[in-house]
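Biologist: I'm new to reading structures. Could you walk me through a few features, slowly?

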Amino acid sequence: MATATQSKAFAPKEAPKLNPPKSTPISLSHLAKCDGNSPSYPIYVAIMGTVFDVSGNTAYAPEGAYHIFAGKDASRGLALSSLKIEDCRPEWEDLADKEKQVLNDWFTFFSKRYNIVGQEQRSIAGTGAIFQG
C-alpha cells in the first residue's frame, strides 16, 4: 500500500483524466495482440495481473524504449528494473522484498497515468482452471 508521500512522489505533473478501473477478463492471447504491432489493437502492459492501456505513450510502441513490455505481464522485468526478454514475465512472487517494493512502486506509477482496462486471465498449469488477476 502506498503512503501519502509515495502517492505524491509518483503523481504525474499533470494528472490525466482516467476512467474508472475495469475488471474485464483479458486472456493472455488477447494481451499478446496488444503489443503495438497492429493498429487494430491498443497497447497494453500488465502488472501483477492488472492490465493498463499505455497506447498514448510512444515508449511502448514498436520503436519505443519499453516496447519489450507491450502485450505482456511485465511484473518481473519491472521489479528487477530489467529490459531483458527473459525477465519480461508475470512471475514475481519469489522476489526479495526490495524488488517487490520496486514492483509496487511501478504499479502505483502506472495507476496514476494509465487506464486499467481489465485483469489478466491465465490457465493454472495442469488444472484447466482459469486464474484471473
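This is a predicted model: local features need pLDDT of at least 70, side-chain atom pairs count only at pLDDT 80 or more; totals for chains, interfaces and linings use all residues.

Biologist: Where do Met48 and Ser81 sit?

Modeller: Met48 is in the loop between strand E2 (44–47) and strand E3 (50–53), and Ser81 is in the loop between helix H3 (75–79) and helix H4 (97–111). These elements are DSSP runs numbered from the N terminus: helices are H or I with at least four residues, strands are E with at least two.

Biologist: Is Met48 buried or exposed? And Ser81, buried or exposed?

Modeller: Buried means under 20% relative accessible area, exposed over 50%, and partly exposed in between, using a 1.4 Å probe and protein chains only. Met48 has 19%, so it is buried. Ser81 has 61%, so that one counts as exposed.

Biologist: How do E2 and E3 pair?

Modeller: Two strands pair if DSSP finds at least two bridges between them. E2 and E3 are antiparallel, over 4 bridges.

Biologist: Which residues cover the two sides of E2?

Modeller: Tyr44 and Ala46 are on one side, Val45 and Ile47 on the other, and all are buried.

Biologist: What does Thr50 touch?

Modeller: Contact means heavy atoms within 4.5 Å. Leaving out residues up to four places away in sequence, Thr50 touches Val45, Phe107, Ile116, Gly118 and Gln119. Thr50 is in strand E3 and is buried, at 8% relative accessible area. Its side chain also has a polar contact of 3.4 Å with that of Gln119. A polar contact is a pair of N or O atoms within 3.5 Å; within protein, one must be able to donate a hydrogen and the other to accept it, and residues adjacent in sequence count only if both atoms are side-chain atoms.

Biologist: Now the rings. How is a pair of aromatic rings described?

Modeller: By the distance of the centres and the angle of the planes. Rings of Phe, Tyr and Trp (its six-membered ring) pair if their centres lie within 6.5 Å; planes under 30 degrees apart are stacked, over 60 edge-to-face, and the rest tilted. This structure holds 10 aromatic pairs. In one of them, the centres of Phe52 and Phe107 are 5.5 Å apart with planes at 75°, so the pair is edge-to-face. Phe52 lies in strand E3 and Phe107 in helix H4, so the pair ties together parts 55 residues apart in sequence. Phe52 is buried at 0% relative accessibility, while Phe107 is partly exposed at 23%.

Biologist: Which residues do ring pairs link into a cluster?

Modeller: The cluster consists of Phe52, Tyr60, Tyr66, Phe69, Trp106, Phe107, Phe109, Phe110 and Tyr114.

Key
Residues are numbered from 1 along each chain as its sequence is written. Side-chain values use heavy atoms; hydrogens and water are left out.
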